[in-house]
Amino acid sequence: MPQLEFGNPLLIAQIVWLLIIFGLLYYVMANYALPRVERVLEDRRARIAADLHAAQQAKAEADAAMAAHRESTAKARAEAQAAIAAAMQQAQAEASARAEELNARLARQIDEAEKRIGAARDAAMGALRQVSLSTAETLVGKVGGRADRGALEAAVDRALAARAAG
Amino acid sequence: MPAQGWAGERDLAAEGKTIDALGQFELKTVLGPIGHSVGFTQSSAHMLLAVGLITLLVMYGISRQAVVPGRLQSLTESAYEFIQGLVIGQVGPEGKRFFPFVFSLFMFILFGNLLGLLPFAFTFTSHIVVTFALAAIVFVLITVVALMLHGKKFFGYFFPEGAPIWLAPIIIPVEIVSYLSRPISLSIRLFANMVAGHVMLKVFATFIVLLGGLGVAGPFIAVLPLTVNVALVGFEILVAFLQAYVFAILTSIYLHDAVHLH
């Protein structure tokens, strides 16, 4: 087996060359090649992290804008509700005031009308007594009697009172 | 005996129809008299080639520095993150210092194994002196790291705390032997896997040639060892990755022991 012929100086030379060449590889890798790979990977990590950060920030901004929008919407809605309620209240107040005024006027008119009716009835009742008295005097005269004015008045009054009571 | 790949037909011609499975491991100097004077063999040439390819892969792969990596850059980054995950996972955050070493080790062995599978190529990881030298580097590293981090307490590693004192004469030699056998098992595992694989490939490749020359039916029978060899190459690619991985993960485990002492 050629690998075990340790008398062969080429085997020893091979070890020396191995140390030189492997040392070279280690030197190049440790000082030039691997730091470069490291830098590229680090750059990518940093960039991804930065992008993620930016995305998170954008999301936070969007969320804030959304919240502000929602808040302002809610405020506007509340204001609108308040305005509607105030307008309703005012309209109701006006309507009830107008209705009250109307009621008062109607009541006044009814009162006046009732008073007029009462006066008219009183006048009518007064006129009725005169008419009844003269009618009774004329009837008594026609019948042939001579009517005592006082007795006639008393009789008419009695009859009227009886009617009014009946 | 030119140390070509396992499919080298000239071996057969030179040996005269016998199976020579070990000739592929013979060292030959290259680069003429200069290479001869400094003992620069095809093994060293393949080491240099592996180092060049690794450097090219990492440097060229990452040269575009794209945020969204292309295919080659993905390969570079996957290799980087795979080994980094392995080292950090085994050693912990302190393992970051050793990452370039384990990365170099893994890539060097992996490229050595894979390059050796190419026809006419030489597999430097099939030489025990190479694997043992790599294992010795690991052994020296873990011992020096343990001594630097823990000083005298490192020797407590050989006698676990809480063990009854009368067991010391048994435990201490066992622990010392198990510690010293680390580089040996590490190097022999890789060496033996590579040698066995390449010997098998060479034997079956020789069968193909020998059977192919046997009259009319020969080429048809030769299809059998060819099929075996196709399967073997696939298997050897798996072994190439697996052995590089095993070497790297055992190194990481030893580094963990060195950093944390159990």
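# Chains A and B: a working chat

User: How many residues of chain A are in contact with chain B?
Analyst: In this predicted model, 32 residues of chain A are in contact with 48 residues of chain B.

User: What area do the two chains bury between them?
Analyst: About 3700 Å². Carbon and sulfur atoms make up 78% of that area.

User: Why give it as an area?
Analyst: The size of an interface is often stated as the accessible area lost when the parts come together.

User: Which three residues of chain A supply more of its buried area than any other three?
Analyst: Gln3(A), Gln14(A) and Phe22(A). Together they supply 17% of the area that chain A buries against chain B.

User: And salt bridges, how many across the interface?
Analyst: The rule finds 2 between chain A and chain B. Over all chains, the count comes to 7.

User: Which residues meet in them?
Analyst: Glu77(B) pairs with Arg44(A), at 2.8 Å from N to O. Lys96(B) pairs with Glu38(A), at 3.8 Å from N to O.

User: Where do Lys96(B) and Glu38(A) lie?
Analyst: Lys96(B) is in the loop between helix 4 and helix 5 (99-116) of chain B. Glu38(A) is in helix 1 (residues 9-143) of chain A, so this pair joins two chains.

User: Why can such side chains pair?
Analyst: Side chains of opposite charge can pair when their charged atoms come close.

User: How many residue pairs are in polar contact across the interface?
Analyst: There are 9, counting pairs with both residues at pLDDT 80 or more. As for classes, the side of chain A that touches chain B has 25 nonpolar, 2 polar and 5 charged residues.

User: Switching to chain B. How many helices and strands?
Analyst: Chain B has 9 helices and 0 strands. Along the sequence, its pattern reads α-α-α-α-α-α-α-α-α.

User: What box do its C-alpha atoms fill?
Analyst: Roughly 75 × 55 × 40 Å for chain B, taken along the principal axes.

User: Which residues make the nonpolar surface patch?
Analyst: Leu49(B), Leu53(B), Leu56(B), Tyr60(B), Leu72(B) and Leu75(B). The patch covers about 570 Å².

User: Which helix gives the most to that patch?
Analyst: Helix 3 of chain B, with 4 residues. Helix 3 (42-62) and helix 4 (71-91) each supply at least two.

User: And where is Leu72(B) found?
Analyst: In helix 4 of chain B.

Methods: Residues are numbered from 1 along each chain as its sequence is written. Chains are lettered from A and ligands numbered from 1 in the order in which they are written. This is a predicted model: local features need pLDDT of at least 70, side-chain atom pairs count only at pLDDT 80 or more; totals for chains, interfaces and linings use all residues. Side-chain values use heavy atoms; hydrogens and water are left out. Contact means heavy atoms within 4.5 Å. Buried area is the accessible area (1.4 Å probe) that two parts lose on being put together, summed over both. A salt bridge is a side-chain nitrogen of Lys or Arg within 4 Å of a carboxyl oxygen of Asp or Glu. A polar contact is a pair of N or O atoms within 3.5 Å; within protein, one must be able to donate a hydrogen and the other to accept it, and residues adjacent in sequence count only if both atoms are side-chain atoms. Ala, Val, Leu, Ile, Met, Phe, Trp, Tyr, Cys and Pro count as nonpolar, Asp, Glu, Lys and Arg as charged, and the others, Gly among them, as polar. Patches are made of residues with over 30% relative accessible area and no salt bridge: like charges are joined within 9 Å, nonpolar side chains (Val, Leu, Ile, Met, Phe, Trp, Tyr) within 5 Å. Accessible areas come from the Shrake-Rupley method with a 1.4 Å probe; for residues, only the protein chains shown count as cover.
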